[in-house]
Amino acid sequence: MTSSTRSTRRSLVAILLAAVVIQAGLAIAFGWVGDDAFIAFRYARNLAEGQGLRFNPGVEPPVEGDTQLGWILVAALVERVGLPVVAATRAVEIAVGLVLLVLVARRAQRRGGTPAALAAALFLATSPGIVVWSSGGLGTILFATTIFLVVDFAVAERPSSSGARSRLLGATCAAIAVTVVRFDGAYFAGWALLAVLVAGLLTRSRELRRIAVVAGVVTLLAIAAQSAWRLSYHGDWLPYTARAKVAFSPWVAERGLRYVLVNWLNVPATAIATLLLVLPSLRSSSRSEDAWRTVASIVVVASLTYCIAVGGDFMAMGRFLLPTLPFLAIAAGDAVAALVHRGRTGTATFGVAALLCGSLPVLFGAVYTPESLRRALDFRYGHPYETELEFLRGDADRATFWSEIGRALALHTDPSESLVRGPIGAVGYYSRLTIFDQFGLVDREVALHDPRGTERKALPGHDLFADPTFFAERNPTYLLADLYFGIVETSPEDQAMLKNPYFATGKVELFQVRKADGFYDDGTLVLVRC
């Protein structure tokens with residue numbers, strides 16, 4: 001090993017250590033869990049307890065109300081060994097995020113040396129999407145990592161016959177993992193392998209073409225096997241989450257376009273990095289010489305197209321854009337390395353600072369693009385405008401409060417009883433009640449028989465909604481439930497009736513909860529029995 005090689009490795013290790021500390025510190029500081037995560041956790045717990053992959057025990061065939069089978073299996077292992085599911089899965093997500101950081105920095109270093117590795121690592125470690133979605137409880141960072149691994153295995157900077165077999169095996173396993181981690185992973189794995197094939201044709205690389213074709217065929221077989229299992233076990237080849245959330249129409253595409261644009265306005269560095277990646281790929285010389293850039297550009301464009309087609313996502317900090325960030329980080333690293341190699345170190349330093357200023361501040365509520373423009377493009381229809389940080393905090397607070405409701409229900413109801421509910425995650429996980437899902441994520445009838453129609457503009461992921469009366473024939477035990485903390489001027493019963501007219505349709509029951517029992521404060525659980 002030469003002295004220059006040793007120096008390069010020491011520099012890379014130093015960069016990685018610094019970036020790992022930054023990313024881990026931010027991920028821990030911004031650690032949170034959303035209500036949807038508890039849907040996956042309830043599936044995982046039921047599986048770990050031997051009740052199978054089902055949200056409501058006793059429902060046959062089991063309704064597939066999730067799209068992240070691979071993540072549920074991880075959470076089921078956590079439940080099986082008896083670890084606290086929120087803390088343990090958060091640790092897993094943070095660890096996976098750090099693995100992705102190392103992979104990206106190594107790829108950037110091979111492409112552009114130490115300057116590229118430094119820029120890419122800083123870009124990724126401080127990216128709001130990576131920071132926020134290194135927790136959340138949905139395994140989103142695992143999904144992004146498996147997509148990146150498909151490309152990282154398939155496209156080598158310096159192809160060699162000795163490594164072709166391991167690259168083929170790695171790309172194939174990663175592509176299959178993408179389809180297992182999320183149901184829509186078939187779309188991303190397909191585009192990643194198609195991009196490898198295109199790059200193989202443009203660069204006249206037989207090795208790339210072989211990887212794309214063989215990995216593609218094996219992945220298709222894996223998808224067919226999953227579909228056959230899904231059909232036999234759940235009675236449908238499509239998860240009901242997809243039926244409830246995905247509805248293709250012009251206004252849905254408009255909402256998806258707004259989603260992409262607003263996220264670019266919140267984090268301008270991602271828009272700049274997208275241009276740095278895609279624009280050079282449009283030149284014929286770049287397409288024929290840089291297979292990695294060609295593949296990365298196609299994957300990023302496919303990801304953006306997906307966001308638009310499905311109407312975006314209601315959650316904060318661009319969850320659906322997460323798969324693009326590793327590729328954008330490397331594109332940023334390429335640009336910085338090119339400046340350094342031309343002797344423009346000052347410009348490169350300014351560029352890194354500009355990218356960080358166009359990314360990191362949104363985590364602390366500072367956004368430099370015009371608020372009027374962001375308001376005009378707001379994609380969260382039916383929800384008051386909030387900044388991404390405000391929405392993130394609200395999402396975390398709502399999950400915490402709904403967890404309190406679930407725990408209160410567990411004290412004063414029986415698991416054999418049932419409840420009509422919209423946000424079903426934390427309430428369902430902690431209460432163990434049978435839940436009649438108003439959004440249709442785990443409810444076959446709501447998903448198949450849309451009670452509202454898909455032409456009414458709604459919050460992304462909430463296109464369907466069934467009124468409590470929709471479930472009347474099922475004779476739910478409770479029509480509604482709510483929890484009130486502290487002292488109010490009127491009784492909790494009066495407050496409930498003022499807040500929601502459905503509280504006046506049945507018998508109202510009140511139960512006290514105590515701060516001494518671990519609740520936020522003394523309060524009253526209000527139930528409406530049918």
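Which residue in β5 does F511 stand opposite? F511 stands opposite L525 in β5. The model is predicted.

**Strand β5 and its partners**
- Strand β5 spans residues 523-529, and six of its seven residues are buried, so the strand is largely enclosed by the rest of the structure.
- Strand β4, residues 507-513, runs antiparallel to β5, and seven bridges join the two.
- Strand β3, residues 478-485, also pairs with β5 in the antiparallel sense, over seven bridges.
- In the pairing with β5, A481 has L527 as its bridge partner.

**Helices α11 and α14**
- Helix α11 covers residues 250-266 and helix α14 covers residues 291-310; their axes come within 5 Å and cross at roughly 130°.
- The two helices, α11 and α14, are therefore oblique to each other.
- On the α11 side, the residues that meet α14 are V252, A253, R255, G256, L257, Y259, V260 and W264.
- On the α14 side, the residues that meet α11 are L304, C307, I308, A309 and V310.
- The residues of this contact divide into 11 nonpolar, one polar and one charged.

**Loop residue Y368**
- Y368 lies in the loop between α16 (345-357) and α17 (371-376).
- Its relative accessibility is 65%, and because exposed means over 50%, Y368 counts as exposed.
- Leaving aside neighbours within four places in sequence, Y368 is in contact with C357 and P361.
- Y368 and C357 are 11 residues apart in sequence, and their C-alpha atoms are 9.3 Å apart in space.

Definitions and conventions
Residues numbered from 1 in each chain as written. Predicted model: local features only at pLDDT ≥ 70, side-chain atom pairs only at ≥ 80, totals over all residues. Heavy atoms only, no water. Axes fitted to C-alpha atoms, helices over the stretch in contact; angles between N-to-C directions. Helix = DSSP H or I, 4+ residues; strand = E, 2+ residues; numbered from the N terminus. Parallel < 35°, antiparallel > 145°, perpendicular 65-115°, else oblique. Contact = heavy atoms within 4.5 Å. Nonpolar A, V, L, I, M, F, W, Y, C, P; charged D, E, K, R; others polar. Buried < 20%, exposed > 50% of the residue type's maximum accessible area, 1.4 Å probe, protein only. Pairing = 2+ DSSP bridges.
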